[in-house]
Amino acid sequence: MLGFESNRIATLHYGILFAGLLLAAAPLLAVSPLCAQETHVVLDGQSKGRTFEGLGALSAGASSRLLVDYPEPQRSQILDYLFKPGYGAALQHLKVEVGGDVNSTDGSEPSHLRAREDHDYTRGYEWWLMVEAHKRNPNIILDILPWGAPGWVGKKNLYTPDMAEYMADFIEGARDKYGLTLRYAGVWNETVYNADYVKELHRALERHHLDVKVVCCDEYIGEGKGQWAIADEMKTDPALNAAVDVIGVHYPLDDKGKTTTTDAARKLGKPLWSSEDQPSSGAGPILQRTWAVGGRILAHLYNRNYLEGAMTKTEIWSPITSYYDILAAPNSGLMYANTPWSGYYDVQSAIWATAHTTQFAQLGWRDLDSSSGYLPEKGTYVALKSPNSKDWSMVLETIDAKKPQKVNFAIDGGLSTETIHIWETNVHKTFENVTKVKPKNGSFTFTFEPESIYSLTTTTGQGKGTAQPMAPAAFPLPYVDDFEKTDLRRAPRYLSDQDGAFEVQPCDGRPGRCLEQVISIKPIPWGPMPDPFTLAGDVTWTDYWVAADVHFLTDAPASWVASTPLTPFRTAAYTGQVGMSSG
(Lines give C-alpha, C1' and ligand atoms only; values in the text may rest on other atoms or scores of the structure.)
Protein backbone atom coordinates (compact mmCIF):
# COMPACT_ATOMS: atom_id res chain seq x y z
CA MET A 1 0.00 0.00 0.00
CA LEU A 2 1.13 3.50 -0.76
CA GLY A 3 0.07 6.68 1.00
CA PHE A 4 0.83 10.39 1.33
CA GLU A 5 -0.48 13.12 3.48
CA SER A 6 -0.11 16.86 4.00
CA ASN A 7 2.23 17.35 0.99
CA ARG A 8 5.08 15.18 -0.35
CA ILE A 9 7.16 13.34 -2.96
CA ALA A 10 9.19 10.11 -3.15
CA THR A 11 11.33 7.76 -5.37
CA LEU A 12 12.76 4.30 -5.60
CA HIS A 13 15.78 3.35 -7.71
CA TYR A 14 13.56 0.30 -7.85
CA GLY A 15 10.69 2.36 -6.52
CA ILE A 16 8.55 5.47 -6.78
CA LEU A 17 9.19 9.18 -7.22
CA PHE A 18 6.49 11.64 -6.17
CA ALA A 19 7.43 15.08 -7.38
CA GLY A 20 5.98 18.49 -8.10
CA LEU A 21 5.56 20.69 -11.10
CA LEU A 22 6.54 24.18 -12.18
CA LEU A 23 4.68 26.51 -14.47
CA ALA A 24 5.95 29.74 -15.99
CA ALA A 25 3.95 32.67 -17.25
CA ALA A 26 4.85 34.51 -20.44
CA PRO A 27 4.33 38.20 -21.21
CA LEU A 28 2.07 39.22 -24.06
CA LEU A 29 3.19 41.29 -27.02
CA ALA A 30 1.43 44.51 -27.92
CA VAL A 31 0.44 45.36 -31.50
CA SER A 32 1.14 48.84 -32.82
CA PRO A 33 -0.28 49.37 -36.34
CA LEU A 34 1.49 51.88 -38.55
CA CYS A 35 1.15 52.58 -42.28
CA ALA A 36 0.30 49.84 -44.74
CA GLN A 37 2.40 48.93 -47.78
CA GLU A 38 0.81 47.28 -50.82
CA THR A 39 2.05 44.01 -52.34
CA HIS A 40 0.72 42.12 -55.37
CA VAL A 41 0.24 38.33 -55.39
CA VAL A 42 -1.10 36.20 -58.24
CA LEU A 43 -3.01 33.10 -57.13
CA ASP A 44 -2.29 30.81 -60.07
CA GLY A 45 -4.09 27.48 -60.17
CA GLN A 46 -1.66 26.23 -62.83
CA SER A 47 1.36 26.67 -60.57
CA LYS A 48 3.51 23.63 -59.84
CA GLY A 49 4.17 22.46 -56.29
CA ARG A 50 4.56 19.46 -54.03
CA THR A 51 1.65 17.51 -52.55
CA PHE A 52 0.65 18.64 -49.06
CA GLU A 53 0.87 15.70 -46.62
CA GLY A 54 -0.51 17.32 -43.50
CA LEU A 55 0.48 18.56 -40.06
CA GLY A 56 0.81 16.08 -37.25
CA ALA A 57 2.16 15.35 -33.81
CA LEU A 58 4.27 12.70 -32.13
CA SER A 59 3.10 10.99 -28.95
CA ALA A 60 6.32 9.61 -27.51
CA GLY A 61 8.68 9.92 -24.60
CA ALA A 62 5.69 9.24 -22.28
CA SER A 63 4.35 12.67 -23.24
CA SER A 64 0.72 11.43 -23.18
CA ARG A 65 1.01 9.40 -19.97
CA LEU A 66 -1.42 11.38 -17.76
CA LEU A 67 -4.04 11.96 -20.48
CA VAL A 68 -5.49 8.47 -20.14
CA ASP A 69 -6.13 9.12 -16.41
CA TYR A 70 -8.39 12.13 -17.06
CA PRO A 71 -12.06 11.77 -16.10
CA GLU A 72 -14.87 12.11 -18.60
CA PRO A 73 -16.07 14.33 -20.19
CA GLN A 74 -12.79 16.27 -19.94
CA ARG A 75 -10.75 13.51 -21.55
CA SER A 76 -13.00 13.44 -24.60
CA GLN A 77 -12.97 17.22 -24.78
CA ILE A 78 -9.17 17.20 -24.92
CA LEU A 79 -9.18 14.56 -27.65
CA ASP A 80 -11.67 16.65 -29.63
CA TYR A 81 -9.37 19.68 -29.46
CA LEU A 82 -6.52 17.55 -30.79
CA PHE A 83 -8.14 15.42 -33.48
CA LYS A 84 -11.73 16.37 -34.31
CA PRO A 85 -11.99 18.08 -37.72
CA GLY A 86 -13.38 21.59 -37.61
CA TYR A 87 -12.96 21.88 -33.83
CA GLY A 88 -9.33 22.48 -32.82
CA ALA A 89 -5.91 21.42 -34.10
CA ALA A 90 -7.58 18.81 -36.37
CA LEU A 91 -4.31 16.88 -36.55
CA GLN A 92 -3.88 15.00 -39.82
CA HIS A 93 -1.07 12.67 -38.75
CA LEU A 94 -0.33 10.87 -35.48
CA LYS A 95 2.97 9.14 -34.84
CA VAL A 96 3.34 7.06 -31.68
CA GLU A 97 6.27 5.45 -29.92
CA VAL A 98 6.71 1.70 -30.14
CA GLY A 99 7.44 1.16 -26.45
CA GLY A 100 10.48 -0.68 -25.21
CA ASP A 101 10.22 -0.31 -21.38
CA VAL A 102 13.10 2.16 -21.54
CA ASN A 103 13.27 5.88 -20.76
CA SER A 104 12.57 7.86 -23.91
CA THR A 105 12.54 11.43 -22.48
CA ASP A 106 9.79 11.87 -19.87
CA GLY A 107 9.33 8.26 -18.99
CA SER A 108 9.27 4.74 -20.35
CA GLU A 109 6.50 3.32 -22.50
CA PRO A 110 5.61 -0.38 -22.17
CA SER A 111 6.59 -2.99 -24.72
CA HIS A 112 4.04 -5.17 -26.53
CA LEU A 113 6.62 -7.96 -26.88
CA ARG A 114 8.66 -8.39 -23.69
CA ALA A 115 9.64 -11.86 -24.82
CA ARG A 116 9.65 -13.38 -28.27
CA GLU A 117 6.26 -15.09 -27.70
CA ASP A 118 4.67 -12.42 -25.46
CA HIS A 119 2.31 -10.51 -27.81
CA ASP A 120 0.32 -8.24 -25.48
CA TYR A 121 -1.34 -5.42 -27.44
CA THR A 122 -3.08 -3.85 -24.45
CA ARG A 123 -0.15 -2.42 -22.49
CA GLY A 124 0.25 1.33 -22.32
CA TYR A 125 -1.85 4.09 -23.84
CA GLU A 126 -0.66 4.54 -27.43
CA TRP A 127 -3.12 1.91 -28.73
CA TRP A 128 -5.93 3.79 -27.00
CA LEU A 129 -4.73 7.14 -28.35
CA MET A 130 -4.60 5.86 -31.94
CA VAL A 131 -8.12 4.44 -31.60
CA GLU A 132 -9.46 7.75 -30.24
CA ALA A 133 -7.72 9.77 -32.94
CA HIS A 134 -9.05 7.50 -35.70
CA LYS A 135 -12.55 7.59 -34.18
CA ARG A 136 -12.58 11.37 -34.59
CA ASN A 137 -10.81 11.48 -37.94
CA PRO A 138 -10.96 8.24 -39.98
CA ASN A 139 -8.56 9.81 -42.50
CA ILE A 140 -5.77 10.44 -39.99
CA ILE A 141 -2.38 8.99 -40.96
CA LEU A 142 -0.91 6.64 -38.32
CA ASP A 143 2.82 6.15 -37.98
CA ILE A 144 5.25 4.46 -35.54
CA LEU A 145 8.86 4.91 -34.38
CA PRO A 146 10.91 3.09 -31.70
CA TRP A 147 13.15 4.71 -29.06
CA GLY A 148 14.53 1.42 -27.69
CA ALA A 149 13.62 -2.23 -27.39
CA PRO A 150 13.52 -5.10 -24.87
CA GLY A 151 16.86 -6.74 -24.13
CA TRP A 152 15.99 -9.98 -25.93
CA VAL A 153 15.88 -8.20 -29.30
CA GLY A 154 18.98 -9.06 -31.33
CA LYS A 155 20.84 -10.03 -28.17
CA LYS A 156 20.73 -6.33 -27.20
CA ASN A 157 21.47 -5.12 -30.73
CA LEU A 158 18.56 -3.15 -32.18
CA TYR A 159 19.71 -3.15 -35.81
CA THR A 160 18.86 -6.84 -36.43
CA PRO A 161 16.09 -8.90 -38.05
CA ASP A 162 14.62 -9.33 -34.54
CA MET A 163 13.80 -5.62 -34.45
CA ALA A 164 12.27 -5.64 -37.91
CA GLU A 165 9.98 -8.46 -36.76
CA TYR A 166 9.24 -6.52 -33.55
CA MET A 167 8.00 -3.60 -35.67
CA ALA A 168 5.94 -5.83 -37.95
CA ASP A 169 4.33 -7.45 -34.92
CA PHE A 170 3.27 -4.05 -33.56
CA ILE A 171 1.68 -3.15 -36.90
CA GLU A 172 -0.18 -6.47 -37.01
CA GLY A 173 -1.36 -6.01 -33.44
CA ALA A 174 -2.80 -2.60 -34.29
CA ARG A 175 -4.57 -4.11 -37.30
CA ASP A 176 -5.86 -7.34 -35.77
CA LYS A 177 -6.90 -6.11 -32.33
CA TYR A 178 -7.99 -2.53 -33.05
CA GLY A 179 -8.77 -2.45 -36.77
CA LEU A 180 -6.15 0.25 -37.33
CA THR A 181 -4.15 0.66 -40.53
CA LEU A 182 -0.66 1.99 -39.90
CA ARG A 183 0.83 3.71 -42.92
CA TYR A 184 4.44 4.50 -41.96
CA ALA A 185 7.21 3.09 -39.77
CA GLY A 186 10.51 4.66 -38.75
CA VAL A 187 13.90 3.17 -37.97
CA TRP A 188 15.26 4.37 -34.58
CA ASN A 189 14.72 7.78 -33.05
CA GLU A 190 17.67 10.18 -33.38
CA THR A 191 20.19 7.39 -33.84
CA VAL A 192 22.62 7.12 -36.74
CA TYR A 193 21.02 4.82 -39.31
CA ASN A 194 22.29 1.45 -40.46
CA ALA A 195 21.57 0.96 -44.18
CA ASP A 196 21.45 -2.83 -43.91
CA TYR A 197 18.82 -2.61 -41.19
CA VAL A 198 16.74 -0.10 -43.19
CA LYS A 199 16.62 -2.63 -46.02
CA GLU A 200 15.83 -5.44 -43.56
CA LEU A 201 12.90 -3.47 -42.14
CA HIS A 202 11.59 -2.96 -45.67
CA ARG A 203 11.92 -6.70 -46.38
CA ALA A 204 10.15 -7.63 -43.14
CA LEU A 205 7.19 -5.42 -43.97
CA GLU A 206 6.99 -7.05 -47.39
CA ARG A 207 7.24 -10.58 -45.91
CA HIS A 208 4.28 -9.81 -43.67
CA HIS A 209 2.34 -8.32 -46.61
CA LEU A 210 2.08 -4.98 -44.83
CA ASP A 211 1.51 -1.92 -46.98
CA VAL A 212 3.61 0.25 -44.69
CA LYS A 213 6.16 2.75 -45.93
CA VAL A 214 9.57 3.34 -44.33
CA VAL A 215 10.52 6.79 -43.02
CA CYS A 216 14.25 7.31 -42.60
CA CYS A 217 16.03 8.32 -40.53
CA ASP A 218 14.64 10.72 -37.89
CA GLU A 219 18.09 12.12 -37.14
CA TYR A 220 19.00 15.33 -35.37
CA ILE A 221 21.44 17.94 -36.67
CA GLY A 222 25.04 16.81 -36.21
CA GLU A 223 24.37 13.08 -35.99
CA GLY A 224 26.55 10.79 -38.08
CA LYS A 225 27.40 12.29 -41.47
CA GLY A 226 24.47 14.70 -41.21
CA GLN A 227 20.73 14.35 -40.83
CA TRP A 228 20.20 14.23 -44.63
CA ALA A 229 23.12 11.85 -45.30
CA ILE A 230 20.74 9.03 -46.21
CA ALA A 231 19.89 10.97 -49.41
CA ASP A 232 23.50 10.78 -50.62
CA GLU A 233 23.67 7.03 -49.98
CA MET A 234 20.31 6.42 -51.67
CA LYS A 235 21.70 7.89 -54.89
CA THR A 236 24.29 5.12 -55.15
CA ASP A 237 22.39 2.22 -53.52
CA PRO A 238 19.28 1.21 -55.52
CA ALA A 239 18.12 -1.26 -52.85
CA LEU A 240 18.30 1.42 -50.16
CA ASN A 241 16.52 3.89 -52.42
CA ALA A 242 13.73 1.34 -52.93
CA ALA A 243 13.49 0.69 -49.18
CA VAL A 244 13.08 4.33 -48.13
CA ASP A 245 9.79 5.98 -49.03
CA VAL A 246 10.17 9.22 -47.05
CA ILE A 247 13.16 11.14 -45.69
CA GLY A 248 12.30 12.55 -42.29
CA VAL A 249 14.57 14.68 -40.09
CA HIS A 250 14.26 16.31 -36.68
CA TYR A 251 14.50 20.05 -36.05
CA PRO A 252 15.79 21.01 -39.51
CA LEU A 253 16.96 24.49 -38.54
CA ASP A 254 20.65 25.30 -38.15
CA ASP A 255 22.25 27.74 -35.70
CA LYS A 256 21.98 30.49 -38.33
CA GLY A 257 18.23 30.08 -38.61
CA LYS A 258 18.27 28.34 -42.00
CA THR A 259 16.60 25.06 -42.88
CA THR A 260 19.06 22.26 -43.53
CA THR A 261 17.52 20.49 -46.56
CA THR A 262 20.28 19.44 -48.95
CA ASP A 263 20.23 19.54 -52.76
CA ALA A 264 20.60 15.75 -52.81
CA ALA A 265 17.42 15.36 -50.76
CA ARG A 266 15.46 17.81 -52.93
CA LYS A 267 16.44 16.01 -56.14
CA LEU A 268 15.60 12.47 -55.01
CA GLY A 269 11.90 12.80 -55.77
CA LYS A 270 10.95 11.43 -52.32
CA PRO A 271 8.67 13.25 -49.86
CA LEU A 272 10.64 15.28 -47.30
CA TRP A 273 9.27 15.68 -43.76
CA SER A 274 10.15 17.51 -40.61
CA SER A 275 9.28 14.39 -38.65
CA GLU A 276 9.81 16.03 -35.25
CA ASP A 277 9.82 19.76 -34.65
CA GLN A 278 9.25 22.55 -32.14
CA PRO A 279 8.96 26.33 -32.12
CA SER A 280 12.52 26.18 -30.73
CA SER A 281 15.38 24.12 -32.16
CA GLY A 282 14.67 21.14 -29.93
CA ALA A 283 17.92 21.70 -28.05
CA GLY A 284 15.93 23.53 -25.36
CA PRO A 285 14.59 25.14 -23.46
CA ILE A 286 11.25 24.08 -24.93
CA LEU A 287 9.09 27.14 -25.33
CA GLN A 288 5.62 27.51 -23.88
CA ARG A 289 2.75 27.27 -26.32
CA THR A 290 1.14 30.56 -25.37
CA TRP A 291 0.79 32.98 -28.29
CA ALA A 292 3.48 35.41 -27.16
CA VAL A 293 6.10 32.69 -26.76
CA GLY A 294 5.74 29.45 -28.72
CA GLY A 295 2.42 29.81 -30.53
CA ARG A 296 3.42 32.69 -32.79
CA ILE A 297 6.73 31.05 -33.70
CA LEU A 298 4.96 27.83 -34.63
CA ALA A 299 2.81 29.76 -37.10
CA HIS A 300 5.99 30.87 -38.88
CA LEU A 301 7.64 27.44 -38.67
CA TYR A 302 4.89 25.62 -40.57
CA ASN A 303 5.23 27.97 -43.56
CA ARG A 304 9.02 28.14 -43.45
CA ASN A 305 9.46 24.35 -43.49
CA TYR A 306 7.82 24.26 -46.91
CA LEU A 307 9.10 27.51 -48.37
CA GLU A 308 12.72 26.98 -47.37
CA GLY A 309 12.97 23.24 -46.79
CA ALA A 310 10.52 21.74 -49.33
CA MET A 311 9.05 19.70 -46.45
CA THR A 312 5.47 18.67 -47.08
CA LYS A 313 4.73 17.51 -43.54
CA THR A 314 5.64 18.85 -40.10
CA GLU A 315 5.12 16.80 -36.95
CA ILE A 316 5.31 18.45 -33.53
CA TRP A 317 6.54 16.73 -30.40
CA SER A 318 4.13 16.43 -28.74
CA PRO A 319 0.35 16.60 -29.20
CA ILE A 320 -0.12 17.34 -25.51
CA THR A 321 1.95 18.11 -22.42
CA SER A 322 0.51 15.33 -20.31
CA TYR A 323 3.47 14.56 -18.07
CA TYR A 324 4.77 16.12 -14.85
CA ASP A 325 6.46 19.50 -15.23
CA ILE A 326 9.41 18.43 -13.11
CA LEU A 327 10.47 16.07 -15.91
CA ALA A 328 12.64 16.90 -18.91
CA ALA A 329 11.37 19.21 -21.65
CA PRO A 330 8.17 20.65 -20.18
CA ASN A 331 5.81 22.54 -22.53
CA SER A 332 6.31 20.22 -25.53
CA GLY A 333 2.61 19.82 -26.32
CA LEU A 334 0.24 21.81 -28.49
CA MET A 335 -1.91 22.06 -25.34
CA TYR A 336 -1.57 21.31 -21.62
CA ALA A 337 -3.26 18.57 -19.57
CA ASN A 338 -1.17 17.09 -16.77
CA THR A 339 -3.44 17.25 -13.71
CA PRO A 340 -5.99 14.49 -14.32
CA TRP A 341 -7.24 14.63 -10.71
CA SER A 342 -8.55 18.15 -11.40
CA GLY A 343 -9.98 17.81 -14.92
CA TYR A 344 -8.18 21.03 -15.84
CA TYR A 345 -6.59 21.54 -19.26
CA ASP A 346 -5.32 24.53 -21.24
CA VAL A 347 -6.08 24.92 -24.94
CA GLN A 348 -3.03 26.95 -25.89
CA SER A 349 -2.39 29.10 -28.95
CA ALA A 350 -0.36 26.36 -30.63
CA ILE A 351 -3.64 24.52 -31.20
CA TRP A 352 -4.94 27.47 -33.23
CA ALA A 353 -1.64 28.11 -35.04
CA THR A 354 -1.96 24.52 -36.25
CA ALA A 355 -5.66 24.88 -37.09
CA HIS A 356 -4.82 27.76 -39.44
CA THR A 357 -3.40 25.10 -41.77
CA THR A 358 -5.21 21.85 -40.92
CA GLN A 359 -8.71 23.28 -41.07
CA PHE A 360 -8.04 24.91 -44.45
CA ALA A 361 -5.97 22.36 -46.41
CA GLN A 362 -6.50 18.61 -46.48
CA LEU A 363 -4.24 15.69 -47.31
CA GLY A 364 -3.70 15.57 -51.06
CA TRP A 365 -4.02 19.30 -51.67
CA ARG A 366 -1.19 20.77 -53.75
CA ASP A 367 1.08 23.65 -52.87
CA LEU A 368 1.20 26.49 -55.39
CA ASP A 369 4.86 27.47 -55.47
CA SER A 370 4.57 30.56 -57.65
CA SER A 371 1.77 31.83 -55.40
CA SER A 372 3.76 31.35 -52.19
CA GLY A 373 6.57 33.46 -50.81
CA TYR A 374 7.60 36.35 -48.58
CA LEU A 375 6.07 39.71 -47.72
CA PRO A 376 8.32 42.78 -48.11
CA GLU A 377 7.87 43.95 -44.51
CA LYS A 378 8.42 40.46 -43.06
CA GLY A 379 5.98 37.58 -43.24
CA THR A 380 5.34 34.49 -45.34
CA TYR A 381 2.44 33.01 -47.28
CA VAL A 382 1.75 29.54 -48.65
CA ALA A 383 -1.08 28.92 -51.11
CA LEU A 384 -2.64 25.52 -51.81
CA LYS A 385 -5.37 24.20 -54.07
CA SER A 386 -7.76 21.29 -53.61
CA PRO A 387 -7.88 18.22 -55.88
CA ASN A 388 -10.87 19.76 -57.68
CA SER A 389 -8.51 22.58 -58.80
CA LYS A 390 -11.16 25.13 -57.84
CA ASP A 391 -11.07 25.61 -54.08
CA TRP A 392 -7.98 27.18 -52.59
CA SER A 393 -6.59 28.36 -49.28
CA MET A 394 -3.68 30.51 -48.19
CA VAL A 395 -1.90 30.56 -44.83
CA LEU A 396 -0.26 33.96 -44.33
CA GLU A 397 1.69 35.07 -41.27
CA THR A 398 3.12 38.44 -40.27
CA ILE A 399 4.74 37.29 -37.03
CA ASP A 400 7.86 39.46 -37.34
CA ALA A 401 6.19 42.41 -39.08
CA LYS A 402 5.88 45.70 -37.22
CA LYS A 403 3.28 47.45 -39.37
CA PRO A 404 0.23 46.52 -41.47
CA GLN A 405 0.75 45.29 -45.03
CA LYS A 406 -1.78 45.72 -47.84
CA VAL A 407 -1.86 42.88 -50.37
CA ASN A 408 -3.67 42.84 -53.70
CA PHE A 409 -4.57 39.34 -54.92
CA ALA A 410 -5.32 38.39 -58.53
CA ILE A 411 -7.00 34.98 -58.94
CA ASP A 412 -6.07 33.03 -62.07
CA GLY A 413 -5.57 29.54 -63.47
CA GLY A 414 -9.10 28.25 -62.88
CA LEU A 415 -9.21 28.89 -59.13
CA SER A 416 -12.54 29.86 -57.61
CA THR A 417 -13.49 33.52 -57.39
CA GLU A 418 -16.34 32.82 -54.97
CA THR A 419 -16.55 34.37 -51.48
CA ILE A 420 -13.29 34.24 -49.52
CA HIS A 421 -13.47 33.66 -45.76
CA ILE A 422 -10.67 35.20 -43.67
CA TRP A 423 -9.66 33.88 -40.23
CA GLU A 424 -7.15 35.51 -37.88
CA THR A 425 -5.18 34.79 -34.69
CA ASN A 426 -2.95 37.18 -32.73
CA VAL A 427 -2.59 38.47 -29.18
CA HIS A 428 -6.09 39.99 -29.37
CA LYS A 429 -7.96 37.41 -31.48
CA THR A 430 -8.01 33.62 -31.29
CA PHE A 431 -9.00 31.81 -34.47
CA GLU A 432 -11.70 34.30 -35.40
CA ASN A 433 -13.57 34.45 -38.70
CA VAL A 434 -12.97 38.17 -39.04
CA THR A 435 -14.53 38.89 -42.44
CA LYS A 436 -15.45 37.59 -45.86
CA VAL A 437 -14.55 39.15 -49.19
CA LYS A 438 -16.17 38.80 -52.63
CA PRO A 439 -13.57 39.30 -55.39
CA LYS A 440 -14.37 41.77 -58.16
CA ASN A 441 -13.13 40.92 -61.63
CA GLY A 442 -11.02 38.15 -60.09
CA SER A 443 -9.14 40.29 -57.59
CA PHE A 444 -9.39 41.64 -54.05
CA THR A 445 -7.29 43.60 -51.56
CA PHE A 446 -6.85 43.07 -47.85
CA THR A 447 -4.69 44.73 -45.18
CA PHE A 448 -2.95 42.33 -42.80
CA GLU A 449 -2.10 43.32 -39.24
CA PRO A 450 1.42 42.70 -37.93
CA GLU A 451 2.25 39.83 -35.52
CA SER A 452 -0.68 37.74 -36.75
CA ILE A 453 -1.55 34.58 -38.64
CA TYR A 454 -4.32 34.43 -41.25
CA SER A 455 -6.12 31.80 -43.29
CA LEU A 456 -7.88 32.81 -46.49
CA THR A 457 -10.13 30.19 -48.10
CA THR A 458 -12.99 29.48 -50.45
CA THR A 459 -13.97 26.48 -48.31
CA THR A 460 -16.30 26.28 -45.32
CA GLY A 461 -16.71 23.96 -42.35
CA GLN A 462 -14.05 25.45 -40.07
CA GLY A 463 -14.88 25.83 -36.39
CA LYS A 464 -13.63 26.62 -32.91
CA GLY A 465 -14.37 24.25 -30.05
CA THR A 466 -16.34 25.55 -27.08
CA ALA A 467 -15.72 22.96 -24.34
CA GLN A 468 -14.33 24.38 -21.10
CA PRO A 469 -12.14 22.62 -18.51
CA MET A 470 -12.68 22.21 -14.78
CA ALA A 471 -10.88 24.63 -12.47
CA PRO A 472 -7.25 23.84 -11.57
CA ALA A 473 -6.73 21.86 -8.36
CA ALA A 474 -3.75 20.54 -6.42
CA PHE A 475 -2.91 16.85 -6.18
CA PRO A 476 -5.47 15.33 -3.77
CA LEU A 477 -4.30 14.78 -0.21
CA PRO A 478 -4.41 12.54 1.68
CA TYR A 479 -3.73 10.10 -1.14
CA VAL A 480 -3.77 6.34 -0.57
CA ASP A 481 -3.70 3.50 -3.08
CA ASP A 482 -3.77 -0.21 -2.23
CA PHE A 483 -4.01 -1.03 -5.95
CA GLU A 484 -7.06 -3.25 -5.47
CA LYS A 485 -9.03 -1.21 -8.03
CA THR A 486 -6.29 -1.33 -10.65
CA ASP A 487 -6.46 -4.12 -13.24
CA LEU A 488 -3.71 -6.71 -13.01
CA ARG A 489 -0.68 -6.08 -15.21
CA ARG A 490 -1.60 -2.40 -15.58
CA ALA A 491 -0.07 0.80 -14.21
CA PRO A 492 -1.97 2.60 -11.44
CA ARG A 493 -3.35 6.06 -12.17
CA TYR A 494 -1.03 9.06 -11.75
CA LEU A 495 2.19 6.99 -11.59
CA SER A 496 4.63 7.82 -14.38
CA ASP A 497 7.33 5.19 -14.93
CA GLN A 498 10.72 6.66 -15.76
CA ASP A 499 12.42 3.39 -16.65
CA GLY A 500 11.29 -0.20 -16.51
CA ALA A 501 7.60 -0.91 -15.90
CA PHE A 502 5.68 -0.75 -12.62
CA GLU A 503 2.53 -2.83 -12.85
CA VAL A 504 -0.04 -4.21 -10.45
CA GLN A 505 0.53 -7.91 -9.79
CA PRO A 506 -0.75 -10.45 -7.25
CA CYS A 507 1.20 -9.94 -4.02
CA ASP A 508 3.92 -12.40 -3.09
CA GLY A 509 3.44 -13.75 0.43
CA ARG A 510 0.02 -12.22 1.17
CA PRO A 511 -3.39 -11.84 -0.46
CA GLY A 512 -4.24 -8.83 -2.57
CA ARG A 513 -2.50 -6.74 -5.20
CA CYS A 514 0.90 -5.07 -5.12
CA LEU A 515 2.91 -2.75 -7.35
CA GLU A 516 5.89 -4.50 -8.92
CA GLN A 517 8.71 -3.44 -11.24
CA VAL A 518 8.47 -6.27 -13.78
CA ILE A 519 11.42 -5.70 -16.15
CA SER A 520 14.35 -7.89 -15.15
CA ILE A 521 16.54 -7.66 -18.29
CA LYS A 522 17.96 -4.27 -19.22
CA PRO A 523 16.40 -2.95 -22.44
CA ILE A 524 18.27 -1.53 -25.41
CA PRO A 525 18.43 2.17 -24.49
CA TRP A 526 17.99 5.27 -26.62
CA GLY A 527 19.90 7.51 -24.22
CA PRO A 528 20.90 7.50 -20.56
CA MET A 529 19.12 4.70 -18.72
CA PRO A 530 18.37 5.33 -15.03
CA ASP A 531 17.52 2.63 -12.56
CA PRO A 532 13.77 1.92 -12.76
CA PHE A 533 11.61 4.36 -10.84
CA THR A 534 8.13 5.82 -11.04
CA LEU A 535 6.87 9.27 -10.17
CA ALA A 536 3.80 11.25 -9.10
CA GLY A 537 2.97 14.38 -7.13
CA ASP A 538 2.74 18.16 -7.15
CA VAL A 539 5.47 20.81 -7.30
CA THR A 540 3.66 22.96 -4.77
CA TRP A 541 4.25 20.47 -1.97
CA THR A 542 6.56 21.82 0.75
CA ASP A 543 5.81 19.66 3.81
CA TYR A 544 4.60 16.08 3.49
CA TRP A 545 5.18 12.48 4.52
CA VAL A 546 5.20 9.27 2.49
CA ALA A 547 4.69 5.68 3.62
CA ALA A 548 4.68 2.34 1.83
CA ASP A 549 4.54 -1.35 2.66
CA VAL A 550 7.47 -2.94 0.83
CA HIS A 551 8.45 -6.56 0.18
CA PHE A 552 11.72 -7.34 -1.59
CA LEU A 553 11.67 -10.08 -4.24
CA THR A 554 15.43 -9.81 -4.92
CA ASP A 555 18.54 -8.45 -3.24
CA ALA A 556 18.45 -5.32 -5.40
CA PRO A 557 18.69 -2.03 -3.46
CA ALA A 558 15.92 0.58 -3.44
CA SER A 559 15.38 4.12 -2.20
CA TRP A 560 12.87 6.94 -1.88
CA VAL A 561 13.74 10.27 -3.46
CA ALA A 562 11.77 13.22 -2.13
CA SER A 563 11.59 16.71 -3.60
CA THR A 564 10.20 20.14 -2.78
CA PRO A 565 10.69 23.49 -4.51
CA LEU A 566 13.27 24.41 -1.88
CA THR A 567 14.99 21.03 -1.55
CA PRO A 568 15.10 19.51 -5.05
CA PHE A 569 15.87 15.90 -4.04
CA ARG A 570 16.46 13.98 -0.80
CA THR A 571 17.16 10.27 -0.89
CA ALA A 572 16.59 7.60 1.78
CA ALA A 573 17.24 3.87 1.48
CA TYR A 574 14.71 1.50 3.00
CA THR A 575 14.26 -2.16 3.86
CA GLY A 576 10.62 -2.27 4.85
CA GLN A 577 7.87 0.17 5.84
CA VAL A 578 8.97 3.73 5.20
CA GLY A 579 8.16 7.12 6.65
CA MET A 580 9.58 10.39 5.34
CA SER A 581 9.21 14.07 5.96
CA SER A 582 10.75 17.12 4.34
CA GLY A 583 10.22 20.84 4.43
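A: Leaving out residues up to four places away in sequence, T425 touches W291, W352, H356, T430, F431, S452 and I453. Contact here means heavy atoms within 4.5 Å. This is a predicted model: local features need pLDDT of at least 70, side-chain atom pairs count only at pLDDT 80 or more, and totals for chains, interfaces and linings use all residues. Residues are numbered from 1 along each chain as its sequence is written, and side-chain values use heavy atoms, with hydrogens and water left out.

T425 lies in strand β19. Helices (H or I, at least four residues) and strands (E, at least two) are DSSP runs, numbered from the N terminus. T425 has a relative accessible area of 1%, so T425 is buried. Buried means under 20% relative accessible area, exposed over 50%, and partly exposed in between, with a 1.4 Å probe and protein chains only. Now look along the chain. T425 and G295 are 130 residues apart in sequence, and their C-alpha atoms are separated by 10.0 Å.

Strand β19 covers residues 420–425, and H421 lies in it too. H421 counts as buried because its relative accessibility is 16%. Its contacts, again not counting residues up to four places away in sequence, are N433, T435, K436, S455, L456, T457, T459 and T460. Take K436 from that list. K436 is 15 residues from H421 along the chain, and the two C-alpha atoms are separated by 4.4 Å.

Go back to the contacts of T425. W352 and F431 are among them. W352 and F431 also belong to one aromatic cluster, together with Y81, Y87, Y345, F360 and W423. The structure holds 30 aromatic pairs. Rings of Phe, Tyr and Trp (its six-membered ring) pair if their centres lie within 6.5 Å; planes under 30 degrees apart count as stacked, over 60 as edge-to-face and the rest as tilted. Y81 and Y87 form a tilted pair, because their planes stand at 55°, with the ring centres 5.0 Å apart. Both of these tyrosines are buried. Compare F409 and F444. Their planes stand at 20° and their centres are 4.8 Å apart, so this pair is stacked. F409 lies in strand β18 (residues 405–412) and F444 in strand β21 (residues 443–448), so the pair ties together parts that are 35 residues apart in sequence. F409 and F444 are both buried.

A charge sits over a ring if NZ of Lys or CZ of Arg is within 6 Å of the ring centre and within 35 degrees of the ring normal. K313 does this to W273, at 4.8 Å from the ring centre.

Follow Y81 next. Y81 is one of the buried residues of helix α1, with Q74, Q77, I78, L79, D80, L82 and F83. Helix α1 spans residues 74–83 and is mostly covered, as eight of its 10 residues are buried. The buried residues of α1 pack against β5 (93–98), α2, β12 (320–321), β13 (335–339), β14 (344–346) and α9 (349–358).

A search of the whole structure finds two cavities of 30 Å³ or more. On a 1 Å grid over the protein atoms alone, a cavity is a set of points where a 1.4 Å probe fits but cannot get out; lining residues have an atom within 4 Å of a point. Points are joined across faces, edges and corners, and a volume is the space filled by probe spheres set on them. The largest cavity holds about 160 Å³ of space. It is lined by 15 residues, and F52, Y302, Y306, T357 and V382 are the closest to its centre. Elements that give two or more residues to this lining are α8 (291–307), β11 (313–316) and β16 (380–385). Helix α8 supplies the largest share, three residues. The lining divides into eight nonpolar, five polar and two charged residues. Ala, Val, Leu, Ile, Met, Phe, Trp, Tyr, Cys and Pro count as nonpolar, Asp, Glu, Lys and Arg as charged, and the others, Gly among them, as polar.

The second largest cavity has a volume of about 70 Å³. Its lining includes E97, H112, R123, W127 and F170. By class, that lining has four nonpolar, four polar and four charged residues.

Definitions and conventions. 1 Å grid on protein atoms, 1.4 Å probe; cavity = no way out; pocket = protein on both sides within 12 Å on 5 of 7 lines; lining within 4 Å.
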